[in-house]
Amino acid sequence: MTLTVTDLAIARGGIPVLEGLSFSLHAGRALILRGPNGIGKTTLLRTLAGLQPPLTGRIEGAEDQIAYASHSDGLKPTLSVVENLSFWASVFGTNDIQRALDAFALNDLADRHAGNLSAGQKRRLGLARMLVTGRPIWMLDEPTVSLDRNAVQMFADAVRAHLGQGGSALIATHIDLGLDGEVLDVGPNKAKSKPIDDFDGGFL
Amino acid sequence: MIALLLRDLKLAFRAGGGFGLGLAFFLIVTVLVPFSVGPQSSLLSTIAPGVLWLGALLACLLSLDRLLALDWEDGSLDLLATAPLPLESVVTIKALAHWLTTGLPLVLAAPFLGVLLNLPVPGFSWLVISLLLGTPAMSVIGTFGAALTVGLKRGGLLLSLLVLPLYVPTLIFGAEVARRGATGMETQTPLLMLAGITAATVALLPFASAAVLRINLR
């Protein structure tokens, strides 16, 4: 499954942030997304995940293939770790959560309410969600925020295992994960065009 | 879809979930009305259907701003939008969960509160029937309002302003069914209108809600 992006331009809040972006992401490969703050990494991931339309350009091979992890983990504080994970598993049509619990060392926390977890533990639970989606392309937005060194290693191992099974990943991060993926620096693609004149058109 | 419904029901019944908020409001309104209008039982039985309907409507309105806002705040709405579920079914399930946790308890509590307002005996069954037909429309319209205002800070005020006019037809025909039923008059016309409004909103509004939600999530 290859994700191909051709001449993509995207906007955030009506202001173009990136343009002329082309790349492809092949099965079994990871792509590390880099660029300064505000360049549009999150907007790019949201666009690829289908949450917002691109200004111009084409995205192929993304339909129903992408598991997206945003800055927030989508956890319910009054549900337990297992309940949170089982919910997402059944949304994506499985009920196998054991692998995800093992991969992120969540077994000891299984019956704890998500509201009582530390920030790093919540993040681990949020990342464990990717494993229950069963989708081949992972889109991760700053996945290692608030993770300790040990947990970063757990995450890198999970990504490596995913790539080994023929999956692929696009990861926006500022740290070195030790993955042998190419780096996609979107810095040079910073949009030069003016803000959209036609506000209504931009909204639609 | 079942998983989403079960999760929402579970969340509603857990601590801080908001189940019982509407019910408590409904109880307070109906208990206080006899104190404010006076104890004449003939006056109370005249206004009972209208007061019960208005109380149920406002109780429903009270819980709307949490309907989608909580899922938006913790990011689950983004994740649900990228999940295999179509957004139309997500909003339908959300409305159904809201009805089960807010609308249905109001329907079940209404006959008991009718006693407090001296509702005439023939009115009880019509009150329950009219609320049973009308409350689903209130949940579906409310979900539409919540989808329109999701992501706005303090969107609750705007939500009430947007939703209240849309509630008016349901209120008029619903209260009319209960009023006519209580006085032993023919109820068929308002009952059919009420059922028609509910059927139309349930059939059409989920598509509108999903469409505005897609725009709001950008």
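Hi everyone. Domain bounds here come from an automatic or database domain assignment, and this is a predicted model, so keep both in mind as I go.

Let's start with chain A. Where they touch, domain 1 of chain A brings 13 residues and domain 2 of chain A brings eleven residues.

Which elements of chain A each supply at least two residues on the domain 1 side? Those are helix H1 (41-48) and strand S6 (137-141) of chain A. S6(A) gives the largest share of that side, with four residues. By class, the side of domain 1 of chain A that touches domain 2 of chain A has ten nonpolar residues, one polar and two charged.

Now over to chain B, and a pair of helices. In general, two packed helices are described by the angle between their axes and the distance between the axes. Our pair is helix H6 (residues 87-116) of chain B and helix H7 (residues 123-149) of chain B, which pack at an angle of about 150 degrees, with their axes 8 Å apart. Since angles over 145 degrees count as roughly antiparallel, that makes H6(B) roughly antiparallel to H7(B). Left-handed or right-handed, the crossing of H6(B) and H7(B)? The crossing of these two helices, H6(B) and H7(B), is right-handed. As for the residues in the contact of H6(B) with H7(B), 16 are nonpolar, eight are polar and one is charged.

Technical notes. Residues numbered from 1 in each chain as written. Chains lettered and ligands numbered in written order. Predicted model: local features only at pLDDT ≥ 70, side-chain atom pairs only at ≥ 80, totals over all residues. Axes fitted to C-alpha atoms, helices over the stretch in contact; angles between N-to-C directions. Parallel < 35°, antiparallel > 145°, perpendicular 65-115°, else oblique. Left-handed = near helix turned anticlockwise from the far one by under 90°. Nonpolar A, V, L, I, M, F, W, Y, C, P; charged D, E, K, R; others polar. Contact = placed C-beta atoms within 7 Å.
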